[in-house]
Amino acid sequence: QAHILFKPTLDQQKKNSELDETLLNGDFVVRYDVKREATAGDIQIVNGYFVHYFAPQEMPVFPKNVVFVIDRSGSMTGRKIEQTRDALLKILQDLRPEDHFTFITFNNKVVEWKSSLLPATEENVASAAALVQTLTARGGTRACTDINGALLTAVGVLEKAEQLPERSVSMIILLTDGQPTSGE
């Protein structure tokens, strides 16, 4: 059983704040699952929106093989590259010793940090954090951004990876602000 209370103010209901009409301007969606243990889950709130993640506690945690693909083009200058650095530092802290990872950066050129996935040892994570601190955006905002080349390189890194943990999960995390301007 659940109770949901939704009480938007009159101003929040107005389609146009300058008119006296009221019409709810937005969606209110509730998705739920049944027959699960009651856990608090994880709540994220950004710009007035929230997401509540639930995951059963009894599920096993699988080792991850992660290739971070990071946009360093000129359009990432300022707050965007700062947010990217902050996000990467947080993700690095959450890696477990059985995880493997590497970085690929791109603007008009694709650059691999290491030639293969590294285990998430304290030393490797510290080295990666030092790299993340130096990330800057380079190139003009109209310069080429080769997302395609960077993603193909990431797929190649995962395909040639050896000696990864059994039952591990491979993923590519793309951090970018825009669309490709070079490549396919």
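Modeller: The chain has four helices and seven strands (DSSP runs numbered from the N terminus: helices are H or I, at least four residues; strands are E, at least two). Read from the N terminus, the order of elements is α-β-β-β-α-β-β-β-α-α-β. This is a predicted model, so local features need pLDDT of at least 70 and side-chain atom pairs pLDDT 80 or more, while totals for chains, interfaces and linings use all residues. Residues are numbered from 1 along each chain as its sequence is written, and side-chain values use heavy atoms, without hydrogens or water.

Of the 184 residues in the chain, 26% are buried (under 20% relative accessible area; exposed is over 50%, partly exposed in between; 1.4 Å probe, protein chains only). Now take contacts with a separation of 6 or more: 67% of them join residues 24 or more positions apart (contact: heavy atoms within 4.5 Å).

Start with the core. The largest nonpolar core holds 16 residues (buried Ala, Val, Leu, Ile, Met, Phe, Trp, Tyr and Cys, joined through side-chain atoms within 4.5 Å). Phe68, Ile70, Leu88, Leu92, Phe101 and Phe103 have the most contacts inside this core. Strand E3 (64–71), H2, E4 and H3 each give two or more residues to the core. In soluble globular proteins, nonpolar side chains tend to be buried together.

Look at Leu88. Beyond its neighbours within four places in sequence, Leu88 touches Phe68, Ile70, Phe103, Val132, Leu135 and Leu175. There is also a second, separate core of 10 residues, with Val67, Ile104, Ile147 and Leu158 among them.

Leu88 takes part in a helix pair too. Helix H2 (residues 79–94) packs on helix H3 (residues 122–134) at about 175 degrees, with the axes 10 Å apart (axes are lines fitted to C-alpha atoms over the stretch in contact; angles run from 0 to 180 degrees between N-to-C directions). The angle makes H2 roughly antiparallel to H3 (over 145 degrees). H2 brings Arg85, Leu88, Leu89 and Leu92 to the contact. H3 answers with Val125, Ala128, Ala129, Val132 and Gln133. By class, that is seven nonpolar, one polar and one charged residues (Ala, Val, Leu, Ile, Met, Phe, Trp, Tyr, Cys and Pro are nonpolar; Asp, Glu, Lys and Arg charged; the others polar, Gly among them).

Asn65 belongs to strand E3. Asn65 is buried, at 1% relative accessibility. The side chain of Asn65 makes a polar contact of 3.2 Å with the side chain of Ser170 (an N or O pair within 3.5 Å, one able to donate a hydrogen and the other to accept it; residues adjacent in sequence count only if both atoms are side-chain atoms). Leaving aside neighbours within four places, the contacts of Asn65 include His100, Leu117, Leu158, Leu164 and Pro165. Ser168, Val169, Ser170 and Met171 are also among the contacts of Asn65.

His100 is in strand E4 (residues 100–106). His100 is buried, with a relative accessible area of 11%. A polar side-chain atom of His100 lies 3.5 Å from the backbone oxygen of Glu98.

Gln163 sits between helix H4 (147–160) and strand E7 (169–175). Gln163 is exposed, at 79% relative accessibility. Its phi is positive, about 55 degrees, although Gln163 is not a glycine. Gln163 and Leu117 are 46 residues apart along the chain, with their C-alpha atoms separated by 9.9 Å. Arg167 lies in the loop between H4 and E7. Phi of Arg167 is also positive, near 60 degrees, in a residue other than glycine. Arg167 is exposed, with 58% relative accessible area.

Glu112 is in strand E5 (residues 110–112). With a relative accessible area of 35%, Glu112 is partly exposed. Glu112 and Thr102 are 10 residues apart in sequence and 8.1 Å apart, C-alpha to C-alpha. Setting aside neighbours within four places in sequence, Glu112 contacts Phe103, Ile104, Thr153 and Val157. Phe103 is one of the most-contacted residues of the largest core, and Ile104 belongs to the second core.

Conventions:
Angles under 35 degrees count as roughly parallel, over 145 as roughly antiparallel, 65 to 115 as roughly perpendicular and the rest as oblique.
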